[in-house]
Amino acid sequence: MFGGDWLHQRHVRQSTITPVNVNQLAEAWSVDTGIDASFQATPIVVDGVMVVSLPFNHVMALNAATGKVLWKYTHERLKKRPMCCGPANRGVAVHGGKVFMGTVDSRLIALDFHTGRKVWDVDVTGGEQGIQEDVSELQGQITTEPGKREVSGASGAGINMAPMVYGGKVIVGITGVGYGLHLDSPDPNAPLGAVVGIAGNYGRRGFMAAFDEETGALVWKFDTVPDHGWEGRFATHTPDGVKLPRNIAEEKARLAQHSEAWKYGGGSSWSTPAIDRKNGMLYFGTGNPSPQMEGSSRPGDNLYTTSLVALDANTGQLKWFFQQVPHDLWGYDVASPPVLFTARVNGEPIPAVGQAGKTGWFYAFNRLNGKLLYKSEPFVPHNNMFALPTKEGTVIYPGVVGGSNWSPVSVDEQRRLVFIAGIHWPVKYQLHELPPRDGKPGLKYSSMSPLEDGSKYGLLTAINIDTGKKVWQHKVKDPMIGGVLSTDSGLVFSGEGSGEFFALDASTGKRLWEANNSAGVNAPAVSYTVDGEQYIAVAVGGNKLFGYTQGHTVKAWKLR
């Protein structure tokens with residue numbers, strides 16, 4: 001399953017590969033998937049068979065020891081549905097002789113594990129993709145330095161996460177419900193140019209839902225934006241005490257005018273849920289409110305967006321939530337998957353759930369009641385956090401890219417460490433105004449543009465899971481995206497956009513081994529054993545949004 005276990009710890013017990021012999025790792029096999037696009041998937045290995053989802057929701061089954069292709073499923077996408085967020089897919093779940101996958105066109109599909117034949121196919125949104133915005137009038141109008149850019153992006157519900165199977169149910173959530181525009185970079189190989197926020201009623205509400213494992217029938221659904229009360233308490237501070245730049249009186253005065261804003265409220269479900277089987281609880285993160293970055297048309301706290309949410313895993317009923325940023329104006333959605341572990345606070349063992357925020361802090365909670373145990377020391381630099389945009393442009397970090405983005409963490413409970421793939425990438429948060437045109441009033445909007453001034457880099461950080469204190473950091477050239485894997489023997493594996501796949505000493509952060517690849521290693525690695533041999537495998541497919549070279553291979557390494 002995604003995360004390696006129910007807890008999402010991405011920590012493996014296999015110890016054949018150690019800090020002493022890791023430099024003897026050599027490529028065992030490499031498979032050409034035929035798809036050159038951003039890879040985000042976690043391969044799943046069951047009974048010596050690796051199943052990996054490809055961009056655009058194709059699926060391959062491989063012999064995990066040799067890489068031989070056993071079968072391939074080719075997905076036929078519903079062309080009329082907009083693909084809001086690229087072709088990437090974060091993986092499958094395997095259970096009961098079936099492979100389960102969510103698709104970019106908002107379908108949940110079950111395949112036969114042995115043949116790849118489709119067993120059932122369910123449209124999880126029933127075709128309700130949300131309100132789309134015609135961006136044709138904006139083409140060429142929106143201007144940012146160094147010139148005019150093409151405008152793209154819109155709402156379009158899909159599924160990006162890997163499903164989880166629990167109690168006879170397949171659990172998955174939808175993304176792409178929070179409306180947003182992008183300014184495409186003039187260079188097709190360059191990273192995202194800017195993210196744009198424009199007021200209005202676009203998109204729809206997100207949800208997390210459970211479907212019958214055998215038939216695909218809906219069992220329960222939790223809407224990430226409630227029918228009533230999404231305005232919340234009009235919080236002036238984040239729950240952990242940071243003051244927010246909000247004009248509460250002005251927001252309340254706009255409530256009547258925007259009384260139905262909740263219908264388009266966003267709250268995508270990006271991260272695969274972790275499940276506490278003992279207590280029957282499920283944990284996942286929600287995306288930003290819609291429209292992104294622009295709060296004038298959505299007064300209030302915008303519950304339950306930008307939150308860590310706990311549900312009853314059997315019924316979908318809300319147990320508790322923690323909204324990291326009420327009325328989010330910065331794109332600080334809760335993107336990295338939650339992880340479950342036992343924390344020791346003042347010597348007392350507490351069942352905990354942790355989450356690495358785009359905000360640059362690791363949050364730990366009592367997973368039974370949602371009480372915040374601690375907010376860690378920052379794992380990336382901070383500057384102008386929660387500042388508003390200006391006409392001149394305000395440089396903030398972390399910004400819309402994080403912090404920690406969708407990359408999953410790993411937890412080594414033996415060493416009391418969580419390992420986080422982090423991003424330092426300053427952004428310029430700016431206000432703009434288009435002049436009146438053809439009798440229409442001028443348009444005000446904001447943009448958040450990642451800076452290309454040589455200041456960005458990545459940090460892999462080890463943080464103590466009992467105290468939130470940093471233990472070590474390993475700096476790399478480019479922002480880190482993809483995820484982390486740790487082992488009992490004391491290794492931490494991750495990758496870089498430049499193509500390096502590397503192993504660190506879990507206790508010190510010292511780099512012990514690396515392998516160079518022709519594309520970025522921007523997906524989570526896995527470890528598995530076949531016939532007594534331990535393998536480490538990862539998809540080598542890069543990441544378009546980050547400007548990392550895209551590729552088309554899945555590779556595995558083992559000891560010589």
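User: Is Thr 306 buried or exposed?
Analyst: This is a predicted model in which local features need pLDDT of at least 70, side-chain atom pairs count only at pLDDT 80 or more, and totals for chains, interfaces and linings use all residues. Residues are numbered from 1 along each chain as its sequence is written, and side-chain values use heavy atoms, with hydrogens and water left out. Buried means under 20% relative accessible area, exposed over 50%, and partly exposed in between (1.4 Å probe, protein chains only). The relative accessibility of Thr 306 is 0%, so Thr 306 is buried.

User: Where does Thr 306 lie, and what is its phi near?
Analyst: Helices (H or I, at least four residues) and strands (E, at least two) are DSSP runs, numbered from the N terminus. Thr 306 is in the loop between strand 21 and strand 22. Thr 306 is not a glycine, yet its phi is positive, near 50 degrees.

User: Which residue is joined to Tyr 304 by a cis peptide bond?
Analyst: Tyr 304 lies in the loop between strand 21 and strand 22. The cis bond has an omega of about -5 degrees, and the partner of Tyr 304 is Leu 303.

User: What is omega near for the cis peptide bond from Gly 402 to Gly 403?
Analyst: Gly 403 is in the loop between strand 28 and strand 29 (410-412). The bond from Gly 402 to Gly 403 is cis, and omega is near 20 degrees.

User: How many helices and strands does the protein chain have?
Analyst: Buried residues make up 64% of the 560 residues in the protein chain. Its C-alpha trace spans about 70 × 50 × 50 Å along the principal axes. The count for the protein chain is 1 helix and 41 strands.

User: What is the radius of gyration of the protein chain?
Analyst: The radius is taken over C-alpha atoms, and the globule rule is 2.2 Å times the number of residues to the power 0.38. For 560 residues, a compact globule would have a radius of gyration near 24 Å. The protein chain agrees with this, at 22 Å.

User: What type of aromatic pair do Trp 320 and Phe 365 form?
Analyst: Rings of Phe, Tyr and Trp (its six-membered ring) pair if their centres lie within 6.5 Å; planes under 30 degrees apart count as stacked, over 60 as edge-to-face and the rest as tilted. The structure holds 23 such pairs. For Trp 320 and Phe 365, the centres are 5.9 Å apart and the planes are at 40 degrees, making the pair tilted.

User: How many residues apart in sequence are the parts that Trp 320 and Phe 365 tie together?
Analyst: Trp 320 is buried at 8% relative accessible area, and Phe 365 is buried at 0%. Trp 320 lies in strand 23 (residues 318-323) and Phe 365 in strand 26 (residues 362-366), so the parts tied together are 45 residues apart.

User: What type of pair do Tyr 332 and Phe 386 form?
Analyst: Both Tyr 332 and Phe 386 are buried. Their ring centres are 5.7 Å apart and their planes are at 80 degrees, so the pair is edge-to-face.

User: Over which ring does the charged end of Lys 475 sit?
Analyst: A charge sits over a ring if NZ of Lys or CZ of Arg is within 6 Å of the ring centre and within 35 degrees of the ring normal. The charged end of Lys 475 is 4.1 Å from the centre of the ring of Tyr 457.

User: In which strand is Trp 71?
Analyst: Trp 71 is buried, at 7% relative accessibility. Its contacts (heavy atoms within 4.5 Å) include Val 59, Leu 111 and His 114, not counting residues up to four places away in sequence. Trp 71 is in strand 6 (residues 69-73).
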